[in-house]
Amino acid sequence: MSHADPCPCGASRSYAQCCGVYHRGEREAPTAGALMRSRYSAFAKRHAAYLWRTLHRDHPDRAQPEARGLASLRDAAERQRFLGLTVLDEQAPDGDGLARVLFVAKVFLKGRDLSFAECSDFEHDGLGWRYLSGVC
């Protein structure tokens, strides 16, 4: 894979200069929208550890042991193909500190279209934005 490969999130920058900086831990995503894009890219690039790290502590998946959560994320990333992301709306944090992102993800599993739209909630935990929940 080339250093100049396009980022799976759909930005016009290379992966290395876009979501790659978050996946490598060089910095935190500055907004909920950037985190959402980086999480989509993490699925496409199979970065389960990043997906786990960016789950909010109150997300239901955090109730399971980390090893099981990582295995589940790794399995989803490896089995599915992530072929496109369209962000439809981004809302700044509200009075409760929740930011929202509405998007459509183009996802396939063994040729079957699993694409979906989701409105995701994100909350900053003092270190960075974290994925809290989503409604399809």
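Trainee: What should I know about the model before we start?
Mentor: This is a predicted model, in which local features need pLDDT of at least 70 and side-chain atom pairs count only at pLDDT 80 or more, while totals for chains, interfaces and linings use all residues. Residues are numbered from 1 along each chain as its sequence is written, and side-chain values use heavy atoms, with hydrogens and water left out.

Trainee: How many helices and strands does the protein chain have?
Mentor: The protein chain has four helices and five strands. Along the sequence the pattern reads α-α-α-α-β-β-β-β-β.

Trainee: Why is the chain described as being as compact as a globular protein of that length?
Mentor: The radius of gyration of the protein chain is 14 Å, close to the 14 Å that the globule rule gives for 136 residues, so the chain is as compact as a globular protein of that length. That radius is taken over C-alpha atoms, and the rule is 2.2 Å times the number of residues to the power 0.38. Along the principal axes, the C-alpha atoms fill a box of roughly 40 × 30 × 30 Å.

Trainee: What percentage of the residues count as buried?
Mentor: Of the 136 residues, 41% count as buried. Buried means under 20% relative accessible area, exposed means over 50%, and partly exposed lies in between, with a 1.4 Å probe and protein chains only. The protein chain exposes about 7500 Å², of which carbon and sulfur atoms supply 51%. Accessible areas come from the Shrake-Rupley method with a 1.4 Å probe, and for residues only the protein chains shown count as cover.

Trainee: Turning to pockets, what volume does the largest pocket have?
Mentor: Its volume is about 480 Å³. On a 1 Å grid over the protein atoms alone, a pocket is an open set of points with protein on both sides within 12 Å along at least five of seven lines, whereas a cavity is a set where a 1.4 Å probe fits but cannot get out; lining residues have an atom within 4 Å of a point. Grid points are joined across faces, edges and corners, and a volume is the space filled by probe spheres set on the points.

Trainee: Which residues lie nearest its centre?
Mentor: Arg39, Phe43, Phe82, Phe116 and Glu118 do, out of 24 lining residues. By class, the lining has 15 nonpolar, six polar and three charged residues. Here Ala, Val, Leu, Ile, Met, Phe, Trp, Tyr, Cys and Pro count as nonpolar, Asp, Glu, Lys and Arg as charged, and the others, Gly among them, as polar. At least two lining residues come from each of α2 (32-45), α4 (66-79), β1 (80-91), β2 (98-109) and β4 (116-124).

Trainee: And what about the second largest pocket?
Mentor: The second largest pocket holds about 210 Å³ of space. Eleven residues line the second largest pocket, and Ala44, Lys45, Arg81, Phe82 and Leu83 are the closest to its centre. β1 gives the most to this lining, with five residues.

Trainee: Back to Arg39: buried or exposed?
Mentor: Arginine 39 is buried, with a relative accessible area of 8%, and is found in helix α2. Leaving aside neighbours within four places in sequence, arginine 39 is in contact (heavy atoms within 4.5 Å) with Tyr50, Leu51, Thr54, Leu55 and Tyr131.

Trainee: Where is arginine 130?
Mentor: Arginine 130 is in strand β5 (residues 129-135) and is buried at 4% relative accessible area. Its C-alpha atom is separated by 9.4 Å from that of alanine 29, 101 residues apart along the chain.

Trainee: What is the phi of lysine 110?
Mentor: Phi of lysine 110 is near 50°, a positive value in a residue other than glycine. Lysine 110 lies in the loop between β2 and β3 (112-113) and counts as exposed at 79% relative accessibility. Arginine 46, in the loop between α2 and α3 (48-53), also has a positive phi, of about 65°, although it is not a glycine.
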